[in-house]
Amino acid sequence: MINLLRMELFKLGKNRMFWTLMIIVTVVFALLHVLITIGWWKMDNMFMGAGLEMFSSLALATAPFYFMLFLCTFAGFFVANDFTIGVAKNIVMSGNRRSHIFLAKFIVLALGSMVLAGVCPFIVIIGGKVLFGFGEMTDPSALGYLARAVGLFLIHMLALVALLMLIAVLAEDSGKTIIISIVIALFISVAEVLRPLPGVLEAMYRYSIFHHLIDSFRIRMTYADVIQSLLVGFSSLLILVFFGILVFKRKEIK
Amino acid sequence: MGQTVLATIDLTKKYKEQTALEHVNLVVEKGDIYGFIGQNGAGKSTLLRIVTAMARPTSGSVRLFGESSEAGLIEARKRVGAIIESPALYPDMTARDNLEVHRLLRGIPGKACISKALALVGLQDTGKKKAKNFSLGMKQRLGLAIALLGDPELLILDEPTNGLDPGGIVELRELVKELNRELELTILISSHILSELHQMATKYGIIHEGRLLEQMTHEQLNEKCKQHLRIRVDDPSKAATVLEMELGTQDYEVLQDGTIKLYSLYHDVRRVSMALTSSGLVIEYFAPDGDDLESYFTKRVGGGFHD
């Protein structure tokens, strides 16, 4: 397992798409952050309400279409591409358990996704504050809210990464993975606008990682809300990883 | 009999209605260069894919280095290097980086093995050139270097000469022989090009429409293909005396049904027939016989063998 992780980390470091996405994410965030800070872009969001104005650009992270777009591109090029170019067979025939191969890939994909979705924006925000004094924080005590929100967001994002990994393993093609994921992201975006959804669809959506991913940044959450969010996140993560391993174990590698 | 490195036991693979492999019992022993021969679609790659865990058998099992349990096979596969169908490379990485991925995967300490593998296949000077810019021959050689990383005990090569020019084919052949000779590496090599296999294999398996028709050593194959005069007379023992006393040859064989296979004097048909008839023997059958490799395989697979 350690060997597999070291190999996947080496591959991540050499993955051009990962570096390209990192540059894009950083530039987009930096631009957005500057525009919001100088007041060119007026936006009301949960961070303003919480007294964490300097984190306003993070509101972009709550737009499902935005982060699905670069996470699925990353998953497509990091996971599905192994099947497209045929290197998956080298890994499978190397004398490692398929469950370990899947888990190593998932862990490194999750790490890369966290860098793209979390680390890059925070570096921009904190770097902006330290270097240029960008942004304000009228209520530093609200940092507890931020920690809770980001924590929940990361758990649901891990579940989402597990879903993308499952799609990539099933699709075996980076293009198909990206298209399927974008279609899902479109559905989620439409569903979020059309809420409340009719009948059972609303219930399904309320207990989905997609809803909880966006809901993670809600300012007021009771303990019951937090526990429900954690349960949805962890159970979805476990189920999706379990199914991913099952599919990968049964898969004939071409 | 040598130590069995790889054995398949009644290996069967079905895809819906189509049977790709049917009760295949293949045995590769330590030190063999096993030539796995069959037409395109005969089932060679399917068998190799099952051996290397890329596909699962419908029934039957694989025994690798004496291991046949799932956990045992996973461990045993660490002792195998393989190229199945085509070399799988990271196109945006250099040769060295491609090897580094597999060094990490196999947990090989130190980077000396990378230089050694590159030197072995003649790719030590490719520098920063990316694999996507390699020629087909270079890709094949890089695939071989990856397969050789970690000093495997069994090397599986599926159609390794695909896309190689004549010079590349000769180089690969010499390399395979050298690996077998110097490192005592057991090699299972599949191909549909008979002449290529005949120059390096020490053992053969012929597969046709998913069934393993025959396994034999190089010597047995040569014996089967040896040109001879096939003679059937009314008194085989007297004929044997005539061959030895009058024609002065012991290079013959009397088969169980009394048929004599005379390997010498193949081009002296007239002299042989004269000697036999003048000794009062009645010749029932007298004809030159023997195959070249290609026609032997053509006969075995029912006339359908071609490149």
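How far apart do the end C-alpha atoms of residues 178-197 of chain A lie, and how much of the span is helix? They lie 26 Å apart, and the span is 85% helix and 0% strand.

Before the views, a quick orientation: this is a predicted model, where local features need pLDDT of at least 70, side-chain atom pairs count only at pLDDT 80 or more, and totals for chains, interfaces and linings use all residues. Residues are numbered from 1 along each chain as its sequence is written, chains are lettered from A and ligands numbered from 1 in the order written, and side-chain values use heavy atoms, leaving out hydrogens and water.

View 1. For residues 226-248 of chain A, the end C-alpha atoms lie 32 Å apart, with 100% helix and 0% strand. Helices (H or I, at least four residues) and strands (E, at least two) are DSSP runs, numbered from the N terminus.

View 2. Ile107(A) sits in helix H6 (residues 98-132) of chain A, and its 35% relative accessibility makes it partly exposed.

**View 3. The open sheet of chain B.** Six strands line up as E6-E7-E8-E4-E9-E10 (chain B), with mixed pairing. Strands E6 (80-83) and E10 (211-217) of chain B are the edges, each pairing on one side only. To count as paired, two strands need at least two DSSP bridges between them. Five bridges join E7 (residues 154-158) to the parallel E8 (residues 186-191) of chain B, and Asp158(B) stands opposite Ser190(B) in E8(B).

**View 4. Helix H1 of chain B.** Seven of the eight residues of H1 (residues 44-51) of chain B are buried, so the helix is largely enclosed by the rest of the structure. Buried means under 20% relative accessible area, exposed over 50%, and partly exposed in between (1.4 Å probe, protein chains only). Among the buried ones are Lys44(B) and Arg49(B). Ala53(B), with a positive phi near 75°, follows H1(B).
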